[in-house]
Amino acid sequence: MIEIGVKNLRKLYGVKLIFENVSFELHSGEIVGLIGQNGVGKTTLLKILAGDENYSGEIFLRKGLKVSYLDQIPEFPDNATVFDVLYKAFTDVLLIKRELSGLEKKMASAYGDELNIILNQYSKVQTQFEIIGGYAIDEKLAKIITGLDLEDLLNRPFCNLSGGEKTRVMLGKVLLENPDVLLLDEPTNHLDIKNITWLEEYLIKYNGSVILISHDRYFLDKVTNRIMELTQNGTDIYHGNYSYYKLEKQRRFEEAMKNYLIQKKKIERMEEQIKRYRIWGEMRDSNKMFRRAKELEKRLSKIDELAKPSNSKKVNIAFSSTDRTGKLVYELQNVAKQYDDKPLLKNINLEIYYQDCLAIIGENGSGKSTLLKLINQEIVPDEGIIRSGSRLNVGYLPQEIHFPDESQTILEVYQNHFDSTINQARSALARVLFIKDDVKKQVGMLSGGEKVRLKLLLLMDKSVNVLLLDEPTNHLDIDSREILEASLSAFSGTIIMISHDRYFINSLANRIAEIKKGQLTVYEGDYEYYLLKKEEDKVNIKVKTKEKIRNKVPEKESTVSEETILAIIEGKEQEIEAIINLMNENYQNIEMLKELKVKKKQIEEEIDKLYERLEKMI
């Protein structure tokens with residue numbers, strides 16, 4: 001079934017053309033990834049489909065279609081709490097609930113035929129209430145609050161939240177609305193890997209249709225079954241996920257180039273033959289040759305010339321070659337760090353070697369950026385030792401990029417950094433797409449992506465041999481991310497990076513360091529290897545537990561048996577289940593939720609320790 005049909009859509013801002021010739025259909029159950037270069041109008045297209053922008057062209061919506069849109073910049077009254085925002089998802093349900101309450105009051109004082117009429121009406125409204133999920137509001141709300149970690153935000157004013165927190169709340173709201181069509185604009189921005197994985201599973205099971213904008217290629221691969229690339233001249237459709245799109249786009253490009261070259265050669269032959277006919281006509285004074293020339297010219301004029309296929313202009317990121325470091329680049333021994341008397345990192349032991357590409361992962365707030373700052377000696381540890389290797393020339397890209405003097409222009413920043421001429425600076429800046437008058441922009445006025453490009457250029461030309469990168473793909477479009485990947489793959493030094501982009505991590509990292517509960521675990525492989533080992537660990541614990549229950553092997557070195565420990569674990573898991581039920585039932589009670597969350601975390605830590613004891617008994 002076609003949910004949305006779009007034909008010859010065109011959008012102008014004043015006289016500036018954003019896009020035209022946009023035509024496509026969205027079918028039931030489809031998850032479409034909307035991609036394209038920054039500034040091509042992806043967000044504008046979603047706003048048009050949501051009814052928030054005017055346009056020229058035709059849009060057909062299925063009758064009764066419910067559409068929800070995840071806006072990049074949501075606006076709500078200053079006094080609206082997070083809970084208020086989430087509850088706006090149930091406006092239709094609450095209206096029907098109010099109608100049911102009104103009917104219940106009328107039934108209390110009605111008799112005879114009047115009561116029967118009210119009962120019949122009540123039955124119809126109740127059925128409608130049940131169909132739209134009115135009785136499952138609390139369950140749905142609890143699922144979203146838990147899945148997106150919103151428990152601690154519910155009573156806070158929405159306007160006071162950070163950008164990442166707003167993204168999570170707005171995502172929760174549109175998911176709770178359960179529309180026929182979800183329009184999601186960068187839903188994974190500011191989410192950690194755990195939240196993104198949860199969202200993937202949610203969308204894969206979603207009953208409606210989805211159009212989403214995302215620079216997260218791993219996410220696109222996981223959830224989409226169609227890719228739609230938006231250009232100024234229309235849309236190109238690819239019936240598969242992102243990996244399919246990459247291969248198919250290259251195949252189409254090669255085919256288009258082949259056809260272009262064949263036609264070009266044909267046109268050149270025809271033009272050459274026309275010249276010959278004219279020369280022969282003059283030499284022989286032959287009208288026949290002139291007629292042939294005119295006939296061939298007519299045939300040539302009817303040919304619809306193909307435009308030469310071209311790839312979009314891309315950032316040119318290439319790091320300068322430099323002297324290598326010693327074999328051991330960094331060594332961390334028993335490193336600990338705390339803030340406000342709260343331990344963040346504890347007993348961190350890590351060795352990083354020449355040409356390692358180490359990806360640091362973990363939930364938001366787990367201490368990833370703190371660890372990178374410790375390694376960079378930007379902050380000092382409370383305990384432990386950090387040793388740096390020999391001949392290090394370090395380049396650091398922080399998550400929040402600031403320049404010493406933000407009133408300087410891009411050109412001035414580069415010139416002052418390298419003491420270069422204007423021509424040298426312009427030539428270098430053009431490599432990262434700062435051309436013509438762009439170089440006169442003040443750095444304080446640059447977008448996030450522009451600041452990343454400028455900072456990367458300064459690192460490239462500094463001849464570094466160690467790169468410390470904190471979310472380097474933030475604000476970069478997909479093309480720029482892939483160019484950065486290729487550049488870092490060719491980098492001959494050592495890389496330590498933090499990223500939520502799993503595709504980026506998997507393309508580069510040969511080691512994964514996961515921070516969890518202040519502890520660091522290193523996996524000697526790429527991201528896919530990390531996932532495999534995590535799955536194996538889960539299976540191994542389950543297998544070992546089952547074997548111990550079956551064999552009932554007595555503990556050798558302790559007075560506590562394995563069977564006793566297993567019984568304790570089972571009891572604690574039941575406690576966690578009871579806590580989760582209480583959290584779902586009391587999702588509006590913020591204080592109780594906080595207490596329950598702390599208790600749940602304590603019990604989970606106790607279970608982890610019990611499993612460690614079991615493993616030592618093997």
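The expected span of a helix is 1.5 Å times one less than its number of residues. In this predicted model, helix H14 (residues 448-460) has 13 residues and runs 18 Å from its first C-alpha to its last, close to the 18 Å expected. Two places are described below, after the chain as a whole.

**Whole chain**
- The chain has 19 helices and 18 strands.
- Its C-alpha trace spans about 115 × 90 × 55 Å along the principal axes.
- Among contacts with a separation of 6 or more, 68% join residues 24 or more positions apart.

**Helix H14**
- H14 is mostly covered, with 11 of its 13 residues buried.
- The buried residues include the charged Glu450, Lys451 and Arg453, along with Leu454, Leu456, Leu457, Leu458 and Leu459.
- The cover over these buried residues includes helices H12 (410-418), H13 (422-430) and H15 (478-490), as well as strands E14 (394-397) and E15 (466-470).

**Asp192**
- Asp192 sits in the loop between strand E6 (181-185) and helix H7 (193-204).
- Asp192 is buried but has no salt bridge; Lys194, the nearest side chain of opposite charge, is 5.7 Å away.
- A polar atom of the Asp192 side chain lies 2.9 Å from the backbone nitrogen of Asn195.
- The Asp192 side chain also reaches the backbone nitrogen of Asn364, at 3.0 Å.
- Beyond its neighbours within four places in sequence, Asp192 contacts Gly362, Glu363, Asn364 and His500.

Notes. Residues are numbered from 1 along each chain as its sequence is written. This is a predicted model: local features need pLDDT of at least 70, side-chain atom pairs count only at pLDDT 80 or more; totals for chains, interfaces and linings use all residues. Side-chain values use heavy atoms; hydrogens and water are left out. Helices (H or I, at least four residues) and strands (E, at least two) are DSSP runs, numbered from the N terminus. Buried means under 20% relative accessible area, exposed over 50%, partly exposed in between (1.4 Å probe, protein chains only). A salt bridge is a side-chain nitrogen of Lys or Arg within 4 Å of a carboxyl oxygen of Asp or Glu. A polar contact is a pair of N or O atoms within 3.5 Å; within protein, one must be able to donate a hydrogen and the other to accept it, and residues adjacent in sequence count only if both atoms are side-chain atoms. Contact means heavy atoms within 4.5 Å.
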